[in-house]
Amino acid sequence: MAEFKQELICDDISEEIISITERLAMTEGAHNVNVKKIISDMGVTNRVFYNRFHNSDEVLRIVYENAVEKMHSTIDLNIVSKENLLGYCMDAAEKVLTDTYDIKMQFSRYMFEHDSITESNKKWWMKEIRKNVEYAKSMDMIRDNIDIDTLCYSVWCFCRAFSVDAVSRKLPKEEAVKVFRFSFDCFLRGLLK
């Protein structure tokens, strides 16, 4: 017997569901968001929700992807000169940490689980990191014996792992930034000529 698949509706109510899910995730934590809370907040029935989405995880995934996209769009990763390489790298990495800290605090479990398996986010970061590493290498700013692929992956792992640990331990943002700047500075100085 053929299986009937209902076409999902994409409309203003879908956008409202996404908006409410984002607000609930930010105030209560993504792990506490479910269909019952969403429809209760909206004052609608299950049918309204399920005509638009399969489950709450599908909506959380959209909220997560929107957050990642917003973060990507605010990053300006362009090195200006050799003189400011260290300061630029520190400022760019700190900006990512501070811009994403609050959302990661509320999405911690959900975001970290999906962040580690979301290949598109990793690829985006690896491409952006690579641009800067290649530029620094072409301008003779970093040591000659640096393997670019290994370095890009190392920077990705360092920044991501630091963020995961700081958020998981609920370090205050100011303390996380202070410790991150110290650690990342040591990491970067080891690369410079």
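On a 1 Å grid over the protein atoms alone, a pocket is an open set of points where a 1.4 Å probe fits, with protein on both sides within 12 Å along at least five of seven lines, and lining residues have an atom within 4 Å of a point. Grid points are joined across faces, edges and corners, and a volume is the space filled by probe spheres set on the points. This is a predicted model, in which local features need pLDDT of at least 70 and side-chain atom pairs count only at pLDDT 80 or more, while totals for chains, interfaces and linings use all residues. Residues are numbered from 1 along each chain as its sequence is written, and side-chain values use heavy atoms, with hydrogens and water left out.

The largest pocket holds about 260 Å³ of space, and of its 12 lining residues Ala67, Lys70, Met71, Asp99 and Ile103 are the closest to its centre. Helix α4 (56-74) supplies the largest share of this lining, 6 residues; helices are DSSP runs (H or I, at least four residues), numbered from the N terminus. The table sorts the lining by class (Ala, Val, Leu, Ile, Met, Phe, Trp, Tyr, Cys and Pro are nonpolar, Asp, Glu, Lys and Arg charged, the others, Gly among them, polar).

| Class | Lining of the largest pocket |
|---|---|
| nonpolar | 5 residues |
| polar | 3 residues |

A nonpolar core joins buried Ala, Val, Leu, Ile, Met, Phe, Trp, Tyr and Cys residues through side-chain atoms within 4.5 Å, where buried means under 20% relative accessible area (1.4 Å probe, protein chains only). The largest such core has 34 residues, and Val133 is one of those that touch the most other members. Helix α5 (85-117) gives the most to this core, with 10 residues.

Serine 14, in helix α1 (residues 12-28), counts as buried because its relative accessibility is 3%.

How values were computed: Helix = DSSP H or I, 4+ residues; strand = E, 2+ residues; numbered from the N terminus. Buried < 20%, exposed > 50% of the residue type's maximum accessible area, 1.4 Å probe, protein only.
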